[in-house]
Amino acid sequence: MFHESGLITKELLVAVAMLCAAAGVVVVALSVDFSPPEKSTLGEDYEYDLSDASEIDPALLICVERPQRAIPTGLMVSRAVASGPDGQVCVAGDRSVRIFSAKGEPAGRLEFDDQPRCLAVGAGGVLYVGFRDHVRVMDLAGAERARWANAGEKAMLTSIALLGDEIFVADAGGRAVLRYSAEGELRGKIGLKDKTRGVEGFVVPSPYFDVVAGADGLVRVVNPGRHRVEIYTPDGEPRGWWGGRRSLRIADFCGCCNPSALAITPDGEYVTAEKGLFRVKIYDGDGEMLGVVAGPGSFLPEVVAGAEAQLGAAPTALDLTVTRDGEILILDPRAAEVRVFERVRERADASSS
Amino acid sequence: MRSLRLAGRLHAGASAGSARRPQETHTMTEPVPDNSPTRRDILRGGLRGACGIALTGLAATLLGSKRAGGGSLVWQLDPYKCIQCGNCATHCVLGVSAVKCVHNYRMCGYCDFCTGYFEPQATELDTGAENQLCPTGALIRRKIEDERFEYTVDEDRCVGCGRCVKGCNAFGNGSLFLQVRHDLCLNCNECSIAAACPADAFRRVPAHSPYLLKGAGEDE
């Protein structure tokens, strides 16, 4: 009847049918998850689950981030951060070192023919830049003052610390800390196995091996394979260690080899960063955890679908430094930023940890 | 030229067949010349056509293999794209997958607490099954010296689930990764794992260089 009256034509029926089909396609498209599965399709028994350890009790947080003060590095691959006595912030990555003022404004840029892997800033704007097997001494204007001798075929320099007029360089390949004079003369090595001195030796499974110097004249070295921080005199006498507990518990260090980075505050407290499960924490001088700076939720996840393909073998571990004012600067390679954290509490509630 | 003439003849035959009926109706007594192809014509034409198609295919294959580097292509898994979803263990047409965990020892940290070997919450660093991450016990741990341990893959036990790879990637150097083992792979034309791979990590590689190995970069 309607057909006869001309209200429903064949064209109208076809149009309605096409609309229904299109709506069906849209519904199916919206209901299907095209993103790669985050969990194993084989079930729970095959899952590698760190979600419990990724949760951080908010009561443990003793720092807050100042996101408006974050410093974009402008680097594809960021490796190391250091702060100078005048407040400047230097970041090593790609084939350059970027220099920023204390306020985070770009203040200079040094280009190299090789990849800088670590750095330290001394008094008077002297910059010590570590490459795979040697150190170059630069000024902040980019002039090369000295290039030290090659540290050896196996050398993999990962960290530099300044103590008085001496320079301590962590060599992950040689599993030792190299002690240099200001002129680049090698004076000795710290941490080589020596039973007579009670030195067990460094276990360094990956190129994350940090050294810092304290105001007390002692050198602190991460022994990542043993999950502890060891303390030495400048001439290599062991003065003790703390840590050594390997677990996912927040007060311990997780994974095969952590902490991956270490810094020391003007008060002699330690700031540690872990790779794998990104955790940044503060410990007192005896190694008791005081609180958490940032937990895994503050960083992009380590395992992201496709990210490995984009980043390849580029390092993604965090690096740390503490400014003269006590602010904690975290170099976040995935965000390509130096992120600024400010301490707001001395320690977390004892009941929380 | 031959195939063109063949097509023309077949077309003419069909036309003649369809146009014959009116002639049969109107001129019953006159003999009508039969232009339709004989069975032999059709067979001969079909054979020529098949030969033509085969020659074209051969030429295309030779051209394709020349572009690929002079050899045939096989399936492989890009370890930097792999997300260890588990499909390699379940989608291979073989009873036990041709995808296996492989180990680049140059990248390995020889860790005591290997996160590819141990459960994240392992209480003891021993070979107890409850501490092992691998559901089939395919990763073998052997002490070398002090805190250094070597980990080898027992490929007969490995099902390609990638659980150890996840653990190694999460904390370690990423020295464990999955690869299609070409002593096992049937090299199906349409790999069923590749079709199911959510990360688009499978691709064809030259058979003379069938593996996509980690460890080429200096940081590794």
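A residue counts as buried when its relative accessible area is under 20%, as exposed when that value is over 50%, and as partly exposed in between. Keep this in mind as we walk through the structure, which is a predicted model.

## Chain B as a whole

Let's begin with chain B, which holds five helices and six strands. Chain B has 220 residues, and 39% of them are buried. What about contacts along the chain? Taking contacts in chain B between residues at least 6 apart in sequence, 69% join residues at least 24 apart.

## A covered helix

How many of the nine residues in helix 4 of chain B are buried? The count is nine of nine, so this helix, residues 163–171, is mostly covered. Its buried residues include R163(B) and K166(B), along with C164(B), V165(B) and F171(B). G167(B), C168(B), N169(B) and A170(B) are buried in helix 4 too. The cover over these buried residues includes strand 2 (99–103), strand 3 and strand 5 (176–180) of chain B. Here is a handy rule for looking at helices: an α-helix has 3.6 residues a turn, so residues three or four places apart point the same way.

## The segment after strand 6

Now find G215(B), in the segment that follows strand 6 (202–206) of chain B. Is G215(B) buried or exposed? Its relative accessibility is 9%, and because buried means under 20%, G215(B) counts as buried. Along the chain, G215(B) and I193(B) are 22 residues apart, and 24 Å separates their C-alpha atoms.

## Loops with something to notice

Two residues other than glycine have a positive phi: for R175(A) the angle is near 50°, and for D146(B) it is near 40°. You will find R175(A) in the loop between strand 12 (166–171) and strand 13 (176–180) of chain A. D146(B) sits in the loop that runs between strand 3 (139–145) and strand 4 (148–153) of chain B.

Another loop of chain A, between strand 18 (238–243) and strand 19 (261–264), contains P259(A). The peptide bond joining N258(A) and P259(A) is cis, with omega at about 0°.

## Chain A at the surface

A patch of negative charge on the surface brings together E44(A), D45(A), D49(A), D52(A) and E55(A). One of these, D45(A), belongs to the loop between helix 2 (10–31) and helix 3 (51–54) of chain A. D45(A) has a relative accessibility of 63%, so it counts as exposed.

P72(A) lies in strand 2 (residues 71–72) of chain A. With a relative accessible area of 54%, P72(A) is exposed. Beyond its neighbours within four places in sequence, P72(A) is in contact with F100(A), A336(A) and E337(A). P72(A) and P106(A) are 34 residues apart in sequence, while their C-alpha atoms are 9.5 Å apart in space.

## Accessibility side by side

The table gathers relative accessibility for several residues.

| Residue | Relative accessibility | Class |
|---|---|---|
| D45(A) | 63% | exposed |
| P72(A) | 54% | exposed |
| D146(B) | 42% | partly exposed |
| R175(A) | 32% | partly exposed |
| G215(B) | 9% | buried |

Terms used. Residues are numbered from 1 along each chain as its sequence is written. Chains are lettered from A and ligands numbered from 1 in the order in which they are written. This is a predicted model: local features need pLDDT of at least 70, side-chain atom pairs count only at pLDDT 80 or more; totals for chains, interfaces and linings use all residues. Side-chain values use heavy atoms; hydrogens and water are left out. Helices (H or I, at least four residues) and strands (E, at least two) are DSSP runs, numbered from the N terminus. Buried means under 20% relative accessible area, exposed over 50%, partly exposed in between (1.4 Å probe, protein chains only). Contact means heavy atoms within 4.5 Å. Patches are made of residues with over 30% relative accessible area and no salt bridge: like charges are joined within 9 Å, nonpolar side chains (Val, Leu, Ile, Met, Phe, Trp, Tyr) within 5 Å. Accessible areas come from the Shrake-Rupley method with a 1.4 Å probe; for residues, only the protein chains shown count as cover. A salt bridge is a side-chain nitrogen of Lys or Arg within 4 Å of a carboxyl oxygen of Asp or Glu. Lys and Arg count as positive and Asp and Glu as negative; His and the chain ends are not counted. The place of a charge is taken as NZ of Lys, CZ of Arg, CG of Asp or CD of Glu.
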